[in-house]
Amino acid sequence: MYVLAHLEGDMLDSLIGGLLLLLQWKSFLHMLIGIFIGFWVGILPGIGGGTALALMLPFVYKMAPQEGISFLLGMHSVIATTGDITSVLFGIPGEPTTVATIMDGYPMAKKGEAGRALGATLMSSLVGAVVGAAVLAGAIPVVRPVVLALGSPEMLMVIVIGLTFISSLSGRGKHGLFIGWLAGGVGFLCSMIGEDPQTGILRFTFGSLYLFNGIPLVPVILGLFAIPEVVDLKVRGTAIAGDLPPGNLGKGAMEGVRDTFRHFWLTVRCSLIGCWIGLFLGLGGAVSQWVSYAHAVQSAKTPEERAGFGKGDVRGVIGPGAANNSKEGSGLIPTVAFGIPASSGMAILLGGLLIMGLVPGPEMLAKNLPLTFSMAWTIALANIICVPASLLFINQLARLTTVRGSLLIPVIVVLCFLGASGTNILIGDLVVLVISGGVGYLMVRFGLPRPPFVMGFILGNLAESYLGLSNSIYGFSWVYRPGVIILFCVALGVSLYPFLIGKKIAGAKELKET
Amino acid sequence: MRCSGKAVMCFCLLLIALGVVLSALQWPIKTAVFPIGIGSIIFVMAMIELLFTLMDKEKGIEEKDVMDFKLSRSIDPALARQRTISIFLWIIGFFFMILFLGMPVALPLFLFLYIKVSGKEGWKISLGLTAGVWICFYFLFMQFLKIQFRAGWLQDRLRMFIS
């Protein structure tokens, strides 16, 4: 008891110490600079959080650890927040982790509700970031045994849970579900291009050096999601918000903020989903946004309500917005506690910590505990500053949806090409962008849903790697592991949930009629 | 029987799945198990979907509630087709401009041509927006981020010719 009380006292001291470290003027100033850079990096498609962190690494050499952490983390934690702005306004993902926001955010912008969508996504991002920071702070003492208990079979089951959400991302009815799985399967097939993770044999590369590492995610996502929207904008021949009067667009911002609190438990649940997925290596924001979007869809109580998703339901904006930001906090847990980065962004951040002389592991949980807590504070505070600042300019941002299509289209196309080429400048990336654009258009045209495709594409390679690893290490006995059985039951529950709810509603309707 | 664009797409998926399975048969089992498994499932699903589409059982599924973005239906189909082809040609054209001239030249050229020719905007707006975007591009990507964009194919050839 004495030890526990002593530990709690120590934790509280470190928690307050972490805040005080951040509030020192130099650290605070560095965080503000980071937020400013992160704001623009998030808005511009293509320059992802990882790239921005890598570009900023040389600047942290001369910084003190606290200043460097405030700078890097301040920047990194607002990128997903402002990435949502581009997704809502133009239908282009500002970041690969903000694609799901397009699903309902862009239709809302087209209906003249850009302000409401922005208000909702920004506020849910803030709630998500705070939840993520709280999870980071709260998990530090207890996370070690949990993360170490997960082997490759359990990771495979987590991916299976992710895949079961495809059924929620598919269309209505049996046929909708069928084509959803078909799209997911095609995404799975595309993920197999490149070197086989187990044997190193090249698959479907057609002798092209470019395809050795598989098809890159960013050009595929930009092509699939942005090009069809550009085509539609051209076909309509109007601005994004059609011919709606510009005066009303930013007005719903406070309504969007209220929407977040109206669906507060959904926001918290999606934040926790983001935290949970953010913990696992290699999954991160690309998966958590879709899983949380699917969860938001599942929260619809009637088929009619569910049909509103994809057409501008505010819950479809809140869910991914919250998950995108909450995963930042939890992603830091394995990075700081074990030196195992959960994503590419975290790997670069780990590099930054090492540059500043900080060694992840027990030292960060003991001697440098205030510094670790200051990370949680930075994530929360950066978003607390960034979100109101963005809300102040919401009218100006929303007015962009009234700019003529003839002026907007070439700029969006240029942003797509710049985003696809990123910092690699490979012609192959541009070819992938153009092909994915064509494929995305055909998918939209012929009713093959894109979200399940992306889900299959992201998770396919990981599933194959973990399956191979599980078989190599445990043979087939991995299926009997308790963690696997528990997670399989969760997967089963998730996949059956829509049907059970459907039956329950049908039963209730029948009862009402009789 | 109804041979629609969707039927063609299903047929293409079917062929791709078949190609995947046939290619995978030549690999060791560890490498082939996933492609064969998934490819076979896609083959069967694409076949069922193709039959559904040809038999006209699910007529108009594209209008049904697929949970995804939907293209505007209020425009005259002929005009919509013409505009769709036009924008795809512009996108492909921009790609070839980058290939032949390099990004720093292709970007302002595409912007200006699109705004002036396709957008039918005035000279001031066309030149102003082109200059604005190019300045942002130049300072952000070339000066601040120090990204070295590849020279275009034509510039390479010209340099080789001169040297």
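Q: Helices are DSSP runs of H or I with at least four residues, numbered from the N terminus. In which helix of chain A is the place of H175(A)?
A: The model is predicted. The place of H175(A) is in helix α10.

Q: Does H175(A) count as buried, partly exposed or exposed?
A: A residue is buried if 20 or more other C-beta atoms lie within 10 Å of its own, and exposed if 12 or fewer do. H175(A) has 18 C-beta neighbours inside 10 Å, so it counts as partly exposed.

Q: How far apart in space are H175(A) and A380(A), C-alpha to C-alpha?
A: Along the sequence, H175(A) and A380(A) are 205 residues apart. In space, their C-alpha separation is 43 Å.

Q: How many helices and strands are there in chain A, and what percentage of its residues is buried?
A: Chain A holds 24 helices and 2 strands. Among its contacts with a separation of 6 or more, 80% join residues 24 or more positions apart. Of the 514 residues in chain A, the buried share is 60%.

Q: Which residues of chain A are in contact with L71(B), leaving aside its neighbours within four places in sequence?
A: L71(B) sits in the loop between α2 (29-54) and α3 (77-101) of chain B. It has 17 C-beta neighbours inside 10 Å and therefore counts as partly exposed. Its C-alpha atom is separated by 24 Å from that of F95(B), 24 residues away along the chain. Apart from neighbours within four places in sequence, L71(B) is in contact with D232(A), V444(A) and R445(A).

Q: How far apart are the C-alpha centres of domain 1 and domain 2 of chain B?
A: The domain assignment of chain B gives domain 1 as 5-61 and domain 2 as 77-162. The C-alpha centres of these two domains lie apart by 38 Å.

Q: Which element gives the largest share of the largest nonpolar core?
A: This core has 195 residues; L118(A), L136(A), I159(A), I412(A), C416(A), F417(A) and I42(B) touch the most other members. The core draws at least three residues from each of domain 1 and domain 2 of chain B. The largest share, 16 residues, comes from α6(A).

Q: Is A139(A) buried or exposed?
A: The place of A139(A) is in helix α6 of chain A. A139(A) and R258(A), 119 residues apart in sequence, are 29 Å apart in space, C-alpha to C-alpha. A139(A) has 20 C-beta neighbours inside 10 Å, and therefore counts as buried.

Q: Within what arc do the buried residues of α12(A) fall, seen down its axis?
A: The buried residues of helix α12 (residues 253-262) of chain A are A253(A), G256(A), V257(A), D259(A) and T260(A). Seen down the helix axis, they line one face of α12(A), because they fall within an arc of 150°.

Q: Which elements are included in what covers the buried residues of α12(A)?
A: The buried residues of α12(A) include V257(A) and D259(A). Their cover includes α6 (114-139), α13 (264-278), α16 (315-338), α19 (369-392) and α20 (394-399) of chain A.

Q: What is phi of F204(A), and what is phi of F206(A)?
A: F204(A) is found in the loop between β2 (202-203) and α11 of chain A, and F206(A) also has its place in the loop between β2 and α11. F204(A) has 19 other C-beta atoms within 10 Å, so it is partly exposed; F206(A) has 8, so it is exposed. Most residues other than glycine have a negative phi. Phi is positive in F204(A), near 50°, and positive in F206(A), near 55°.

Q: What ipTM and pTM does the predictor give the complex?
A: Chain B averages a pLDDT of 87, and 91% of the residues score at least 70. For the complex, the predictor gives an ipTM of 0.92 and a pTM of 0.78.

Technical notes: Residues are numbered from 1 along each chain as its sequence is written. Chains are lettered from A and ligands numbered from 1 in the order in which they are written. This is a predicted model: local features need pLDDT of at least 70, side-chain atom pairs count only at pLDDT 80 or more; totals for chains, interfaces and linings use all residues. Domain bounds come from an automatic or database domain assignment. Two residues are in contact if their C-beta atoms, placed from the backbone, lie within 7 Å. The arc is that of the directions from the helix axis to the C-beta atoms. A nonpolar core is a set of buried Ala, Val, Leu, Ile, Met, Phe, Trp, Tyr and Cys residues joined through C-beta atoms within 7 Å. pLDDT is the predictor's confidence in each residue, from 0 to 100.
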